Amino acid sequence: MVVSLDNVRGLTLAMSSSAFIGSSFVIKKVGLKKAGDNGRRAASGGFSYLYEPLWWLGMITMILGEVANFAAYAFAPAVLVTPLGALSIIFSAVLAHFILKENLHMFGIVGCILCVVGSVGIVLHAPKERKIDSMKEIWHLATQPGFIVYSCVAVACVLFLIFRVVERSGHRLMLVYIAICSLMGSLTVISVKAVAIALKLSFSGSNQFIYVQTWFFIVVVTICCLVQLNYLNKALDSFNTAVVSPVYYVMFTILTIVANMIMYKDWASQTATQIATQLCGFVTIVAGTFLLHKTRDMGNPPPPDQICLEEARECGPRSTNSSS
């Protein structure tokens with residue numbers, strides 16, 4: 001198979017994006033920890049991290065990664081760009097081990113591998129996306145009933161999580177923050193792809209920025225990115241980086257594939273073998289996520305307050321018996 005120059009450029013940009021984004025998770029968490037020592041934590045609604053230079057370094061690193069990822073969608077199809085996001089898990093896990101001293105248990109490593117294998121398997125067997133020649137064609141696809149329903153459900157779920165669940169359970173359940181980021185992320189990818197195609201067509205001589213639809217997608221990208229950034233900060237500040245990264249990648253990849261399949265109606269060209277392979281990929285992802293959740297604290301010693309609480313529970317009955 002002959003690989004086009006555009007695909008090579010897209011893959012190079014996608015791999016660079018994964019390196020930047022994976023590193024940004026760790027750099028930002030170092031900044032969040034330092035900011036938390038000097039002020040109110042992000043998980044508690046504080047914004048002291050805005051005064052921390054390391055957080056801004058992580059932010060710049062993430063922006064570079066997102067820019068590279070954005071450019072990759074202009075050159076290569078999403079089915080080639082999306083799976084390379086798995087590389088960010090490797091970067092963040094390795095850096096978290098050496099910099100943040102967040103040990104990942106052996107079963108956690110297996111879970112991480114399962115997540116990556118399952119996600120890559122799904123994307124590799126996903127159908128190729130259709131060729132888009134104009135913004136009007138993208139807008140026609142985006143206004144089909146199926147994708148309108150998906151978009152409304154995604155936005156409704158995000159609003160419900162933000163206003164009803166975050167305050168009560170966000171600090172305990174990592175999936176609350178991750179679900180918000182992933183749902184908005186799926187809409188971000190759809191919009192980013194549209195804007196990237198508009199830029200590519202414009203550079204080719206067909207100006208797409210004369211259409212209102214192009215600017216609509218730009219607004220959607222801006223809003224979704226701001227929401228993702230806020231709740232990703234909360235997730236990183238509250239939970240283990242080595243767990244946040246792969247779970248976020250898995251959920252984001254699943255929802256992105258679903259959104260693309262609904263919008264582009266790619267399932268019509270799928271064979272039974274391809275569908276079965278994708279289902280196996282989903283099962284693999286679920287297994288990997290389960291392992292990550294169950295073993296996320298096995299590689300790290302319990303915090304001092306938890307040790308004191310356990311000692312108090314053990315000593316309580318003894319002191320009662322001795323006094324009796």
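Which residue follows helix 4, and is its phi positive or negative? The residue is K101, and its phi is positive, near 60°.

**Before selecting**

The model is predicted, so local features need pLDDT of at least 70 and side-chain atom pairs count only at pLDDT 80 or more, while totals for chains, interfaces and linings use all residues. Residues are numbered from 1 along each chain as its sequence is written, and side-chain values use heavy atoms, with hydrogens and water left out.

**The whole chain**

Display the protein chain as a cartoon. Its secondary structure comes to 12 helices and zero strands; helices (H or I, at least four residues) and strands (E, at least two) are DSSP runs, numbered from the N terminus. Of the 324 residues, 46% count as buried. Buried means under 20% relative accessible area, exposed over 50%, and partly exposed in between, with a 1.4 Å probe and protein chains only. Among contacts (heavy atoms within 4.5 Å) between residues at least 6 apart in sequence, 82% join residues at least 24 apart.

**Helix 4**

Select residues 86-100. This helix has 15 residues and reaches 20 Å from its first C-alpha to its last, close to the 21 Å expected at 1.5 Å a residue; the expected span is 1.5 Å times one less than the number of residues. Colour A86, S88, I89, S92, A93, A96 and L100, which are buried. Seen down the axis of helix 4, the buried residues fall within an arc of 135°, so they line one face of the helix; the arc is that of the directions from the helix axis to the C-beta atoms. On the other side, F98 and I99 are exposed.

**Aromatic pairs**

Next, show the aromatic side chains. The structure holds nine aromatic pairs. Rings of Phe, Tyr and Trp (its six-membered ring) pair if their centres lie within 6.5 Å; planes under 30 degrees apart count as stacked, over 60 as edge-to-face and the rest as tilted.

Select W139 and F216. Their ring centres are 5.4 Å apart and their planes are at 85°, so the pair is edge-to-face. W139 lies in helix 6 (residues 135-142) and F216 in helix 9 (residues 212-238), so the pair ties together parts that are 77 residues apart in sequence. W139 is partly exposed, with a relative accessible area of 28%, and F216 is partly exposed at 44%.

Y248 and F252 are four residues apart in helix 10 (residues 241-264), separated by about one helical turn. Y248 is buried, with a relative accessible area of 14%, and F252 is buried at 18%.

**The nonpolar cores**

Which residues touch the most other members of the largest nonpolar core? Of its 67 residues, they are I138, F147, V244 and M263. A nonpolar core is a set of buried Ala, Val, Leu, Ile, Met, Phe, Trp, Tyr and Cys residues joined through side-chain atoms within 4.5 Å. The largest share of this core, 19 residues, comes from helix 8.

Centre the view on F147. Leaving aside neighbours within four places in sequence, F147 is in contact with L141, A142, L187, I190, A259, I262 and M263.
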